[in-house]
Amino acid sequence: MTHAVWVRADKARLGVTRSLSALVKRSVRATLALVGVQYPCEVSVLYTDEAGIQGLNSEHRGKDEPTDVLAFPSQTLVPEDLPTEDMTDPETGRVALGDIALSLPTARARAITFSHSYERELSYLTVHATLHLLGHDHEKGRIEEARMNELTEAVLATLGLGRGVHT
C-alpha cells in the first residue's frame, strides 16, 4: 500500500531540502502504519514561515498568532475509526486525510529550545499533525493528550528519532 504525501513550500527561502521532505514523508507514512491504516491515503504538507502560519491560524482558527503546526482534516474521524474503503476517492484510489502546515523557522527555534535536532522536531510536528488528521485531539483532555504523546514517541522511535537521539 502506498500513501501519497505531497509537499510544497509557499516561500523560496525556507531551507527545504530533499532529505527534509523525505523525512516529513516518512513521518506521515510511519504514523499511518503504526496506527494501522489499511487503505491508501494522501496528505498534503505546506512548508511556511511564521507569517504564513499566522495567516492560516488567523483565517481558519481565529487566532491571530503564529504557531508551529496546523492540521486541516478532510475527514471527520475519531481515533478508534480509521479511514475505510468507502472514504476512498474513486479518481485517486486514496482516502484524502487533509492538509498540514509546518512553520520551518518555528521548528528550528523549538529544536534549540528543547535541545534536540531539527529533524526530531520536524518529525515530531509532522506526526502530531498526522494524528490530528486521524481524529486525535490533545485538547480533549489529559488521556487523549497522553495517548497522542505515546503514539508520537513510538513513531519517532521507529524513525530513529526517539528521545535522547541527537542527529
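**Fold and nonpolar cores of the predicted model**

Among contacts in the protein chain between residues at least 6 apart in sequence, 72% link residues at least 24 apart.

The C-alpha trace spans about 40 × 35 × 35 Å along its principal axes. A compact globule of 167 residues would have a radius of gyration near 15 Å, and the protein chain, with 15 Å, therefore agrees with that expectation. Buried residues account for 43% of the 167 residues.

In soluble globular proteins, nonpolar side chains tend to be buried together. In this model, the largest nonpolar core has 30 residues. Val 45, Tyr 47, Leu 97, Ile 100, Leu 102 and Leu 122 have the most contacts inside this core. Two or more residues each are given to the core by helix 1 (18–35), strand 2 (41–48), strand 4 (95–103), helix 3 (104–113) and helix 4 (118–133). Helix 4 gives the most, with 6 residues.

Ile 100 illustrates the contacts in this part of the chain. Leaving aside neighbours within four places in sequence, Ile 100 is in contact with Val 43, Ser 44, Val 45, Leu 46, Val 69, Leu 70, Thr 126, Ala 129, Thr 130 and Leu 133. A second, separate core has 6 residues, among them Val 127, Leu 131, Leu 151 and Val 155.

Note on methods
Residues are numbered from 1 along each chain as its sequence is written. This is a predicted model: local features need pLDDT of at least 70, side-chain atom pairs count only at pLDDT 80 or more; totals for chains, interfaces and linings use all residues. Side-chain values use heavy atoms; hydrogens and water are left out. A nonpolar core is a set of buried Ala, Val, Leu, Ile, Met, Phe, Trp, Tyr and Cys residues joined through side-chain atoms within 4.5 Å. Buried means under 20% relative accessible area, exposed over 50%, partly exposed in between (1.4 Å probe, protein chains only). Helices (H or I, at least four residues) and strands (E, at least two) are DSSP runs, numbered from the N terminus. Contact means heavy atoms within 4.5 Å. The radius of gyration is taken over C-alpha atoms; the globule rule is 2.2 Å times the number of residues to the power 0.38.
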